[in-house]
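Here is a short briefing to read alongside the model. Have the viewer open as you go through the points.

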Amino acid sequence: MRVPNSVVLPVGTHVDCCREEEVEEKRHNIMAKITAMLMERKSNLAHFINNLEGSEEPEFYVDQWEKLKEMESCTLTILNLVAVNCTDHRDIKKLEATILEHVKNEQLFPEVVRVLPPVYRQVEAAIVDIAQSEEMADHGMMDLQYLLSKLSQYKHLANLGRELLQDILRYLHRIGLVVWYEEIKHLESTVFLQPTFLITMFKLLVRYRLVQQLESIS
């Protein structure tokens with residue numbers, strides 16, 4: 001709701017726990033609730049804005065007014081809910097196909113047709129090559145400056161600069177090839193070339209009923 005031009009695809013799981021007629025009923029109810037929620041939000045924002053504009057000294061509330069107007073201008077596109085049975089591989093493939101179909105929709109995502117400079121593909125291919133090399137540790141973590149030096153060893157990337165590399169890493173982070181938390185101070189100089197390692201690590205640290213499991217240990 002706070003991100004401009006957001007596109008949201010609601011996904012309903014546990015279809016295998018419902019009868020076929022229940023799925024359609026729940027789908028309808030969920031979409032109706034989302035629509036009602038958005039209408040209520042729009043009404044509340046308009047109410048708050050009117051209150052500020054109608055106050056005795058509106059100049060004192062300019063910052064709040066501007067923030068509310070910015071939130072009011074954020075458009076939110078809600079796509080039709082996709083119902084899936086997570087235990088059925090065919091449903092997962094159906095969800096994947098639906099996501100790809102929407103992502104390729106130029107009306108929803110105008111930037112999808114943007115042509116990337118050749119250097120983006122060259123760096124992407126080189127990073128894949130480095131990540132798959134025998135000298136790469138299983139965790140796939142690499143210092144940003146060291147990654148730049150490794151990439152500079154490729155003949156066609158000898159003049160690659162740090163600023164351009166950071167732009168490319170932002171793109172590769174968005175498409176999921178690497179993970180780079182540049183906004184976190186302690187991680188801004190670390191690039192994760194193997195995102196699956198993070199998933200494995202999080203699965204070990206974040207577990208269902210972890211507190212109960214720990215308490216059950218004598």
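**Overall picture**

Buried residues account for 26% of the 218 residues in the protein. Please keep in mind that this is a predicted model. The protein has eight helices and six strands, and its radius of gyration of 24 Å is well over the 17 Å that the globule rule gives for 218 residues, so the protein is more spread out than a compact globule.

**Layout and domains**

- Read from the N terminus, the elements follow the order β-β-α-α-β-β-α-α-β-α-α-β-α-α.
- The domain assignment places domain 1 at 7–104 and domain 2 at 118–201.
- The centres of domain 1 and domain 2, taken over C-alpha atoms, are 34 Å apart.
- Along the principal axes, the C-alpha trace spans about 60 × 55 × 50 Å.

**Surface and contacts**

- Of the contacts between residues at least 6 apart in sequence, 59% join residues at least 24 apart.

**Helix H1**

- Helix H1 covers residues 20–53, which makes 34 residues.
- From its first C-alpha to its last, H1 reaches 50 Å, close to the 50 Å expected at 1.5 Å a residue.
- Its buried residues are Val23, Met31, Ile34, Arg41, Leu45, Ile49 and Leu52.
- As a reminder, an α-helix has 3.6 residues a turn, so residues three or four places apart point the same way.
- The buried residues of H1 pack against helix H2 (62–73), strand E3 (76–78) and strand E4 (82–83).

**Aromatic pairs**

- How many aromatic pairs does the count come to? The count is two.
- Tyrosine 120 and tyrosine 171 make an edge-to-face pair, with 5.7 Å centre to centre and 65 degrees between the planes.
- Tyrosine 120 sits in helix H4 (residues 118–131) and tyrosine 171 in helix H6 (residues 162–174), so this pair ties together parts that are 51 residues apart in sequence.
- Tyrosine 120 and tyrosine 171 are both buried.
- Tyrosine 181 and phenylalanine 192 have ring centres 6.3 Å apart and planes at 70 degrees; angles over 60 degrees count as edge-to-face, so this pair is edge-to-face.
- Tyrosine 181 lies in the loop between H6 and strand E6 (190–192), while phenylalanine 192 is in strand E6, eleven residues apart.

Note on methods. Residues are numbered from 1 along each chain as its sequence is written. This is a predicted model: local features need pLDDT of at least 70, side-chain atom pairs count only at pLDDT 80 or more; totals for chains, interfaces and linings use all residues. Side-chain values use heavy atoms; hydrogens and water are left out. Domain bounds come from an automatic or database domain assignment. Rings of Phe, Tyr and Trp (its six-membered ring) pair if their centres lie within 6.5 Å; planes under 30 degrees apart count as stacked, over 60 as edge-to-face and the rest as tilted. Helices (H or I, at least four residues) and strands (E, at least two) are DSSP runs, numbered from the N terminus. Buried means under 20% relative accessible area, exposed over 50%, partly exposed in between (1.4 Å probe, protein chains only). The expected span of a helix is 1.5 Å times one less than its number of residues. Contact means heavy atoms within 4.5 Å. The radius of gyration is taken over C-alpha atoms; the globule rule is 2.2 Å times the number of residues to the power 0.38.
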